[in-house]
Amino acid sequence: MKRSLLFGLLRYLVAIFLLLILWQLASFVCTEEIIPTPENTLKQFAALQSDPMFSSHLLISTLRLSSGLLLGTVIAYPLGLLLGLSKKADALGAPLLFITYPFPKIVLLPVFFLLLGLGDSSRIALIALSSGYQILLLMRAKTKALDPIYLKVMRSMKAGPLAVWRYVLWPAMLPDLLTAVRIASGTAVAVLFLAESFATDSGLGFLIMDAWGIGDNETMFCAILGISLLALSLYTLLWVAEKILCPWFLTKN
């Protein structure tokens, strides 16, 4: 166990090293004025940690991202179960889902601004909509793939809907739910950046575009590094949650 853990850690360290090498090469080819070196960016990033303004941007982006992803999950999870379990609901909902899924949700940002204003609500709602679609699609598919024998056994025992959910659907679908949220987190971060690029003066997305506009490339790359670390932290947190909350799934696989 320890050996496999160390080997896995070594692989990620090698991947980080390769990324830094590629970054250094890009800085050399494009010059430091365009792409700052990893060393200078990391030093600047460390210095910005004591800057209340940078911390405020990071905190605001974190709250927007986590709130939007949580809202999308809370809405998409039960809808995915409903479509997966009910043929009638799926007959009505699946066509609507498949027709609207390819539509780029980010283009609705001005509409959300009109409906919810220019504050956090519109950005959180857009993140929830974009990530929720991915979670809904995967939860529907995984629920449909569930062995019906489990549901038949529970029904034969006269179990109610709550018992079926607690003893069958929740343990069976939780690993897939966490996987779906992990996948959707990448989309959520991309939408966060775009949503923070317009009509706001806060968040890492704003900081990236503001620094780009005034030619402050070091701050721009620090903000890019910040939003990347935010995405990585969220992804890692969900991965750890899967290991802790789904031991039966890990043992099985």
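The model is predicted, so local features need pLDDT of at least 70, side-chain atom pairs count only at pLDDT 80 or more, and totals for chains, interfaces and linings use all residues. Residues are numbered from 1 along each chain as its sequence is written, and side-chain values use heavy atoms, with hydrogens and water left out.

View 1. A disulfide is a covalent bond between the sulfur atoms of two cysteines; here the term stands for a pair of cysteine sulfur atoms within 2.5 Å. For Cys-222, the closest cysteine sulfur is that of Cys-30, 18 Å away and too far for a bond. Cys-222 is buried at 0% relative accessibility (buried means under 20% relative accessible area, exposed over 50%, partly exposed in between, with a 1.4 Å probe and protein chains only). Cys-246 is buried as well, with a relative accessible area of 0%.

View 2. Helix α5 spans residues 109–116 (helices are DSSP runs of H or I with at least four residues, numbered from the N terminus). Look for Leu-109, Phe-112 and Phe-113, which are buried. These residues lie on the same side of α5, because they cover an arc of only 105° around the axis (the arc is that of the directions from the helix axis to the C-beta atoms). Leu-114 and Leu-115, on the other side, are exposed. The buried residues of α5 pack against α6 (120–144) and α8 (161–195). After α5 comes Gly-117, with a positive phi near 90°.

**View 3. Thr-143 and its contacts.** Thr-143 sits in helix α6 and is buried, at 3% relative accessibility. Leaving aside residues up to four places away in sequence, Thr-143 touches Gly-80, Leu-81, Gly-84, Leu-85 and Met-173 (contact means heavy atoms within 4.5 Å).

**View 4. Leu-18 and Ile-16 on helix α1.** Helix α1 covers residues 2–30 and includes Leu-18. Leu-18 counts as partly exposed, at 48% relative accessibility. Ile-16 is also found in helix α1, and is partly exposed with a relative accessible area of 47%. Now follow the chain to Leu-234: this residue is 218 residues from Ile-16 along the chain, and their C-alpha atoms are separated by 17 Å.

Methods. Helix = DSSP H or I, 4+ residues; strand = E, 2+ residues; numbered from the N terminus.
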